[in-house]
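Student: Hi, please walk me through this one.

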Amino acid sequence: MTPDSVAGSSRADIRLANETWESFITVYSRFMGGFGAEPIWKNASMREYDVLYTLAKASTPLRLNDLCEGVLLSQPALSRLVDRLVNRGLVAREPDPEDGRAVRIRLTETGTEVQREIGRAHGRSVNRELTSRLSTDELEELQALCRKLLDQ
């Protein structure tokens with residue numbers, strides 16, 4: 001291997017990968033900052049909404065470790081957040097039918113209403129930001145690339 005290559009990648013490849021990553025993170029940061037400044041978060045913060053949305057997408061109530069895979073929080077931070085959501089009546093804990101020692105977390109009716117209200121507004125914001133910058137073909141290409149990165 002030459003000094004110009006690492007594990008089969010040239011310096012140019014490494015530079016391109018890192019510049020692409022930086023662009024990706026910068027886009028995410030700017031969009032999230034803009035979305036976070038919108039007045040739609042009165043009934044739940046963005047982190048709380050992330051939990052509500054992840055639960056809404058699930059076909060069954062989730063164990064905490066499964067919920068943790070779908071949100072950008074550590075398990076201790078997520079556990080504290082779930083406690084707050086339980087206290088507010090947005091989620092509920094229920095016994096795990098497969099393991100009597102474990103619990104699963106589900107949306108309550110109120111949590112479902114909050115998730116849908118914020119979700120509709122947030123969906124319109126995402127649509128506005130992406131469709132003002134990308135064509136339908138570009139959106140489809142971006143979606144395909146993201147799925148490829150996720151191995152889906």
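Tutor: First, a term: helices (H or I, at least four residues) and strands (E, at least two) are DSSP runs, numbered from the N terminus. This is a predicted model, where local features need pLDDT of at least 70 and side-chain atom pairs count only at pLDDT 80 or more, while totals for chains, interfaces and linings use all residues. Residues are numbered from 1 along each chain as its sequence is written, and side-chain values use heavy atoms, without hydrogens and water.

Student: What does the chain average in pLDDT?

Tutor: The average is 93, and 95% of the residues score at least 70; pLDDT is the predictor's confidence in each residue, from 0 to 100.

Student: And where is confidence lowest in the chain?

Tutor: In strand β1 (residues 5–6), with a mean of 54, whereas α5 is highest at 97.

Student: Which residues of α5 does α2 meet?

Tutor: Gly111, Val114, Gln115, Ile118, Gly119 and His122 of α5 meet Tyr49, Leu52, Tyr53 and Ala56 of α2 (contact means heavy atoms within 4.5 Å). Six of these contact residues are nonpolar, four are polar and none is charged. Here Ala, Val, Leu, Ile, Met, Phe, Trp, Tyr, Cys and Pro count as nonpolar, Asp, Glu, Lys and Arg as charged, and the others, Gly among them, as polar.

Student: New topic: which helices each supply at least two residues to the lining of the largest pocket?

Tutor: α1 (11–36), α2, α5 and α6 (136–149) do. Helix α1 gives the most, 11 residues. A pocket is an open set of points on a 1 Å grid over the protein atoms alone where a 1.4 Å probe fits, with protein on both sides within 12 Å along at least five of seven lines; lining residues have an atom within 4 Å of a point.

Student: What lies nearest its centre?

Tutor: Phe24, Tyr28, Met32, Leu130 and Cys146, out of 41 lining residues. By class, the lining has 25 nonpolar, nine polar and seven charged residues.
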